[in-house]
Every structure is written in C-alpha cells, then in structure tokens.
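Biologist: Hello! Could you walk me through this model, one question at a time?

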Amino acid sequence: MQRAFDLIVATQDWHPPNHGSFAANHPGNNVGDVIDLNGLPQILWPVHCMQNTRGAEFVPGLKLARGARVFYKGTDTAIDSYSAFYDNAHRRSTGLGDYLTSQSVTDVYIMGLATDYCVKFSVLDAREVNFDVHVIEDGCRGVNLKPTDSANVLDEMRRARAAVVRSTDF
C-alpha cells in the first residue's frame, strides 16, 4: 500500500509499564472491566505495546517507507490515547495533525488496529480537524468485544463523512 502514497506516517502505542489502561495495574479488576481513570471511562486491557518491548514493535515484515514519521501515543500513564491525533480527553495532541497540515495534506488514508477503537477515534478526530478521510477497510482489524462492533463503527465513520474503501481500489 505504501507505494500508492507520497507521504507515509505511522502511529505506535508506546505505553509505560504502569499505564492506567492495563488491567494488571488495577488489582481486583479484569480485562474488559470499565473503570474511572482520572474522570474518563476506561476499558481495561491486557498489557500491550509496552515501551521498549517486542510487543510495542511494528509487525515483523513491515518496512516503513524511507522518511516515514512515527507518532507515539498512549505515553501518559494517566490517560489512554486511542486516536492518532489526541489523547482520549483531547487534552494533548500527538502532533500528527500539525505535521500533516505542515505537509499540505488534505486527504488521510487510515488502516490499522483496531477498527473499533484506535482506527475509529483516529478517523473521527481527523474529520473533526477537517481532513478528508478514507478508511482502508481490509487493512483494519477490530477487537470486537461484541461481534458487530467493527461493522457498527464503520457505519459511524461513514456518518461522519469518512469514505470506506478497499486496498484493491488502488
């Protein structure tokens, strides 16, 4: 897919070991429980994408184009960051929006994990800051805590005026 685009960026969850979204950091709670984390509802997840571990690395075989920029998210222990653009409360930007604007980007094509969380919130935030957004559906996978979660959020993204496309469209 990278050959189809002039500018490539990637985001990477980069959680510290004591991240507030990890169920392991909340004794008596389990993965999937929802807690209050500094005033926001937070789904508790398994430990994942922990800084400087193999679990935070990009999938083996992914070769980012030369010059591709990587934006880190989820670095603050006190708040999660599903979106590639902001933390979950929109208190802090990742810098991605400003970077894309500085590169005169108008259209953003998004693919990745997970359709029903990070992709969804990245798409909605990209629309909120006025990018034209295209979701590459077959380049995404969902968590699907409920079997229809990914299908439902694809409909939500369409209602937000994001186009849903397939890799074969390129």
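Modeller: Gladly, and let us begin with a term: buried means under 20% relative accessible area, exposed means over 50%, and partly exposed is in between (1.4 Å probe, protein chains only). This is a predicted model, in which local features need pLDDT of at least 70, side-chain atom pairs count only at pLDDT 80 or more, and totals for chains, interfaces and linings use all residues. Residues are numbered from 1 along each chain as its sequence is written, and side-chain values use heavy atoms, with hydrogens and water left out.

Biologist: How many residues of H2 are buried?

Modeller: Helices (H or I, at least four residues) and strands (E, at least two) are DSSP runs, numbered from the N terminus. H2 covers residues 115-128. Among its buried residues are Tyr117, Cys118, Ser122 and Ala126. H2 is mostly covered, and the buried count is 11 of its 14 residues.

Biologist: What covers the buried residues of H2?

Modeller: Contact here means heavy atoms within 4.5 Å. The cover includes strands S3 (40-43), S4 (69-73), S5 (107-113) and S6 (132-141), together with helix H3.

Biologist: At what angle do the axes of H2 and H3 cross?

Modeller: Axes are lines fitted to C-alpha atoms, for helices over the stretch in contact, and angles run from 0 to 180 degrees between N-to-C directions. The axes of H2 and H3 (residues 149-159) come within 10 Å, and the crossing angle is roughly 5 degrees.

Biologist: Is H2 roughly parallel or roughly antiparallel to H3?

Modeller: Angles under 35 degrees count as roughly parallel, over 145 as roughly antiparallel, 65 to 115 as roughly perpendicular and the rest as oblique. With a crossing of roughly 5 degrees, H2 and H3 are therefore roughly parallel.

Biologist: How do the residues of the contact of H2 with H3 divide?

Modeller: From H2 come Thr115, Asp116, Val119, Lys120, Val123 and Leu124, and from H3 come Asp149, Ser150, Val153, Leu154, Glu156 and Met157. Ala, Val, Leu, Ile, Met, Phe, Trp, Tyr, Cys and Pro count as nonpolar, Asp, Glu, Lys and Arg as charged, and the others, Gly among them, as polar. The division is six nonpolar, two polar and four charged.

Biologist: Which residues does Phe121 touch, not counting residues up to four places away in sequence?

Modeller: Phe121 sits in helix H2. Its relative accessibility is 30%, so Phe121 counts as partly exposed. Leaving out residues up to four places away in sequence, Phe121 touches Tyr82 and Ser83.

Biologist: Which residues does a cis peptide bond join?

Modeller: Look at the loop between S5 and H2, where Ala114 lies. Omega is about -15 degrees in the cis peptide bond that joins Leu113 and Ala114.

Biologist: Is Asn52 buried or exposed?

Modeller: Asn52 is found in the loop between S3 and S4. Its phi is near 60 degrees, a positive value in a residue other than glycine. With a relative accessible area of 69%, Asn52 is exposed.

Biologist: What is the radius of gyration of the protein chain?

Modeller: The chain has three helices and seven strands, in the order β-β-β-β-α-β-α-β-α-β. The radius is taken over C-alpha atoms, and the globule rule is 2.2 Å times the number of residues to the power 0.38. That rule gives 15 Å for 170 residues, and the chain comes close to it, so it is as compact as a globular protein of that length, with a radius of gyration of 16 Å.
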